[in-house]
Structure formats: C-alpha cells, structure tokens
Amino acid sequence: MGVWGQILAAALLAFCAAVPFSAADPNDERCLTHLSESLQDPFKNLHNWTKVTFANPCQGFTSYLQGATCNNGRIYKLSLSNLALKGTISPYLSNCTNLQALDLSSNALTGPIPPELQYLVNLAVLNLSSNHLSGPIPQQLALCAYLNVIDLHDNQLSGSIPQQLGLLVRLSVFDVSNNKLSGPIPATLGNRSGNLPRFNASSYEGNKDLYGYPLPPMKSKGLSVLAIVGIGLGSGFLSLVLSFTAVCMWLRVTEQKVENEEGKISQLMPDY
C-alpha cells in the first residue's frame, strides 16, 4: 500500500504541474492598470495594487486585489469607496467587461464621467456619489440595460438629465441631488408609469436650475404673480383716476369758455 500511495502522490503532483494556473483576462489587466494610473492614493490604501497583482488578480472566486470581487476568474465588482482617492475615472474601465458593480463613492475624484462606461453591458450598480465630478451625465449610460442603481449625488455635474435614462426599465435607485444640473426633469424619470419604480423629490433636490415634477414649482426670480397682478391693477386704477381728472378739467375749461362767450354776446346786444 505504501508503494501505491507514493505512486498516486507522484502522479497527482505531475498532473498539477502540467495544469497551469489561469492567467488574468487581458482586458481586466488593462482595465486595472489604467485605473491605477488615473488614481492618486495619498494614504496608500491600495497597497497591493501593483502590476504583479494585476497580472493575476483572481483565481476562480478568490480575489488577490483589495476592493475587488471575483467571479469565475474575472473582476465582477470594484468597491473603492471612502479611501480618500484623488484623480480621475479612467475610460479604460470599460475593459472590465464582466463588471457588475462599480462603487467609487466618497472620494475626491474630479473630471467627467467617461461615456465609455457604456461598454460595461453587465453593469447593474453605478455609485459615483460624493466626489467632485463635473461635466454632463453621459446619455450613453442608457446602453447599460441592466442598471439598477445610478447614484451620482453630491458632485458638480452640470447640464440636463438625459431623457434616455428613462429607458432603463430595471432602474430602481436614481439620485442626482446636490449637483449643478439644469433644465426640465424628463417625464420618463420624473413621472414614470405602470409598475416602474418612481423617484421622489429627494432624488433631484439641490439643483437650483432643475425643475419639473416631482420638484415643487420654482419660485419666480423676479416679481411674484400677486405683485405683478397688483401692479397691473394699481396702474389701471391710476390710469382711470388720471383720465377722470383730465375729463373733469376739460369740462371745467369748456364751461368757463362758454360763460365767457355768453358774457361777450350779452355786452354786444342793445338794451330795450
């Protein structure tokens, strides 16, 4: 039995040596490399984000990379929230084609939201809230058909809300509050019909030039409606008083002229 055991062990070792460990998907490696280059990590929270780790971040469902979750050897979730990260969001994130959740919230990221995120066709959760992101919300995000969550609150995003986002029928969380957005809220988002989840005013508050349901009516930047009506009525009444006064003066002047004419005629007539 001892001999057979040794033979079996040797055969097993030979088999394991012949089967190589699976290498990282080249797209994931490119994605992680460029993302690392676009980020600044002042407190060294991403201490194991190195080229060596990028070459093999996953082994099956095991992740060797901080903030990454793996599924069948691919990166399917990146959670890098509240790490004081600076820099920008790399458009090469689109190479992580198996990514289903991206959370970069509560950092100090700047720059735009890359429209290239449209190529993350499996993305279900996008949380970029509480950063310093600027520029428009890319309408291309509507191509991520599986999106359930779009959380962009507390940034400096500007422009209008793309109406195309209303086509995301799986969308259950949508928050763009406290940005610099302007224009009308698309009806496809503000007044959703049927069984689609609806978003209340808190999803849109804090954008002073944004208007439409479910936000309350905008306060007039000039005079209020009542003030305008009051001015209109007041000016009309004043015009009426002035007109009446002018008529009275005209009548009085006409009456004096008639009296004067009558006096002249009576003086010219002979006495009988």
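Predicted model: local features only at pLDDT ≥ 70, side-chain atom pairs only at ≥ 80, totals over all residues.
Residues are numbered from 1 along each chain as its sequence is written, and side-chain values use heavy atoms, with hydrogens and water left out.

Let me take the sheet to begin with. Strands here, like helices, are DSSP runs numbered from the N terminus, with at least two residues (E) for a strand and at least four (H or I) for a helix, and two strands are said to pair if DSSP finds at least two bridges between them. Strand 11, residues 149-151, pairs with strand 13 in the parallel sense over three bridges. These belong to an open sheet of six strands, in the order 4-5-7-9-11-13, with mixed pairing. Strand 4 and strand 13 (173-175) stand at the edges with a single partner strand each, so one side of each is left without a neighbour in the sheet. From one strand to the next the twist averages 20°, where axes are lines fitted to C-alpha atoms, for helices over the stretch in contact, and angles run from 0 to 180 degrees between N-to-C directions. As a reminder, strands of a sheet pair through backbone hydrogen bonds, either parallel or antiparallel.

What does F174 meet through its ring? The rings of F174 and Y204 have their centres 6.1 Å apart and their planes at 55°, so the pair is tilted. The rule is that rings of Phe, Tyr and Trp (its six-membered ring) pair if their centres lie within 6.5 Å, with planes under 30 degrees apart counted as stacked, over 60 as edge-to-face and the rest as tilted. This pair links distant parts of the chain, since F174 is in strand 13 and Y204 is in the loop between helix 4 (187-190) and strand 15 (209-211), 30 residues apart. F174 is buried at a relative accessible area of 2%, and Y204 is buried at 0%; buried means under 20% relative accessible area, exposed over 50% and partly exposed in between, with a 1.4 Å probe and protein chains only. Ring pairs also bring in F199, so that F174, F199 and Y204 form a cluster.

The count of aromatic pairs comes to three. One of them joins W49 and F54, whose ring centres are 5.7 Å apart with planes at 85°, so the pair is edge-to-face. W49 counts as buried at 7% relative accessibility, and F54 does too, at 2%.

Turning to the charged side chains, the structure holds two salt bridges, a salt bridge being a side-chain nitrogen of Lys or Arg within 4 Å of a carboxyl oxygen of Asp or Glu. Which side chain does D25 meet in a salt bridge? D25 meets R74, at 3.6 Å from N to O. D25 sits in the loop between helix 1 (2-18) and helix 2, whereas R74 is in strand 5 (residues 74-79), 49 residues away. R74 also meets D28, at 2.9 Å from N to O, and here the link runs between strand 5 and helix 2, over 46 residues. Through shared partners, D25, D28 and R74 are joined into one network. R74 is buried, with a relative accessible area of 17%, and D28 counts as buried at 1%.

Finally, the cysteines. There are two disulfides, each defined as a pair of cysteine sulfur atoms within 2.5 Å. C31 and C96 form one, with sulfur atoms 2.1 Å apart, and the torsion about its S-S bond is about -100°, so this disulfide is left-handed. C31 lies in helix 2 (residues 26-38) and C96 in the loop between strand 6 (86-87) and strand 7 (101-103), 65 residues apart. Both C31 and C96 are buried.

C58 and C70 form a disulfide with sulfur atoms 1.9 Å apart, and with -70° about the S-S bond this link is left-handed. C58 lies in strand 2 (residues 58-59) and C70 in strand 4 (residues 68-71), so the pair ties together parts that are twelve residues apart in sequence. C58 and C70 are both buried. With the bonded cysteines numbered in sequence order, the pairing is 1-4, 2-3.
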